[in-house]
Amino acid sequence: MTQATSHTGAVKAHQPAEPDVGEAPEAPSTRERILNVALDLFTEKGFDGASLREVAERLGVTKAAIYYHFASKDDILMALHMRLHEFGKDALSQMTEGPVTLERWGKLLDEILGQMLAQRKLFLLHERNQAALEKLHREVHDAEHEDIQDKFHRVLADPRVLVRDRVRMAGSFGAVFAALFMSGDAFEGTSNQELGDLVRQTVRDILV
């Protein structure tokens, strides 16, 4: 039986690289700063409870500056949601190029998990603002969502991979998303390091 790969090296790969001496980290754009502040406010106060005025005040800009980048508060929420679509997008595309082994799948999940932990607050945002998110509809969002689902389905439906392995792959993928996307507040007091280690161990248990 194919064994899942060790994730010890992968954990280090997700640690941010130190900038070169004398090289300052690139500052986030105004658009990204707006999204980051809105993420904090929407998570703390709820989408309906936070206003664009509060976003502007926390940033130290005018509401006009917010409207220069976003037409409405709904657009900000959708932009935050679209960040989720970036998790594992490139890695999943690579998986469609050939048969997937459990080892390669384990590496894919480790990459996705690292990205998800770095943006963990997004999952709290979604859990606390489900009603507002369900009201939003964007053609671009739906198209990207369907594309990701299609890639995922093609990988799991590949007849060149044993069914028992494909079931393990699906189960381990579900474990990652259940631990971060569906649990939300349940693990809020757990550090990223501890949660990441526990999820990786769960993935290994499923894939072995």
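How much space lies in the largest pocket? About 700 Å³ lies there, in a model that is predicted.

**Figure 1. The largest pocket and the residues that line it.** The lining of this pocket is made up of 25 residues. Those nearest the centre of the pocket are His81, Leu84, His145, Phe177 and Phe181. By class, the lining has 13 nonpolar, nine polar and three charged residues. Rolling a probe the size of a water molecule over the atoms shows where empty space is left.

**Figure 2. Helices that contribute to the lining of the largest pocket.** At least two lining residues come from each of α5 (73-82), α6 (89-95), α8 (121-128), α9 (130-135), α10 (139-156) and α11 (163-182). Which helix supplies the largest share of the lining? The largest share comes from α10, with six residues.

**Figure 3. The packing of helix α7 against helix α12.** Two packed helices are described by the angle between their axes and the distance between the axes. For α7 (residues 102-118) and α12 (residues 192-207), the axes come within 11 Å and cross at roughly 160 degrees. Angles over 145 degrees count as roughly antiparallel, and α7 and α12 are therefore roughly antiparallel to each other. The crossing in which α7 passes α12 is right-handed. On the α7 side, the contact includes Leu102, Trp105, Gly106, Leu109, Asp110, Leu113, Gly114 and Leu117. These residues meet Asn192, Leu195, Gly196, Val199, Arg200, Val203 and Leu207 in α12. The contact of α7 with α12 has nine nonpolar, four polar and two charged residues.

**Figure 4. The packing of helix α11 against helix α12.** The axes of α11 and α12 are 9 Å apart, and the helices pack at an angle of about 160 degrees. Are the two helices roughly parallel or roughly antiparallel to each other? Because of this angle, α11 and α12 are roughly antiparallel. Their crossing is right-handed. From α11, the contact is made by Arg168, Met169, Gly171, Ser172, Ala175, Val176, Ala179 and Leu180. From α12, Leu195, Val199, Thr202, Val203, Ile206 and Leu207 take part. The residues of the contact of α11 with α12 comprise ten nonpolar, three polar and one charged.

**Figure 5. The packing of helix α2 against helix α3.** Helix α2 (residues 30-45) and helix α3 (residues 52-59) have axes 10 Å apart and pack at an angle of about 125 degrees. The angle therefore makes α2 oblique to α3. The crossing of α2 past α3 is right-handed.

Key: Residues numbered from 1 in each chain as written. Predicted model: local features only at pLDDT ≥ 70, side-chain atom pairs only at ≥ 80, totals over all residues. Heavy atoms only, no water. 1 Å grid on protein atoms, 1.4 Å probe; cavity = no way out; pocket = protein on both sides within 12 Å on 5 of 7 lines; lining within 4 Å. Points joined across faces, edges and corners; volume = space filled by probe spheres on them. Helix = DSSP H or I, 4+ residues; strand = E, 2+ residues; numbered from the N terminus. Nonpolar A, V, L, I, M, F, W, Y, C, P; charged D, E, K, R; others polar. Axes fitted to C-alpha atoms, helices over the stretch in contact; angles between N-to-C directions. Parallel < 35°, antiparallel > 145°, perpendicular 65-115°, else oblique. Left-handed = near helix turned anticlockwise from the far one by under 90°. Contact = heavy atoms within 4.5 Å.
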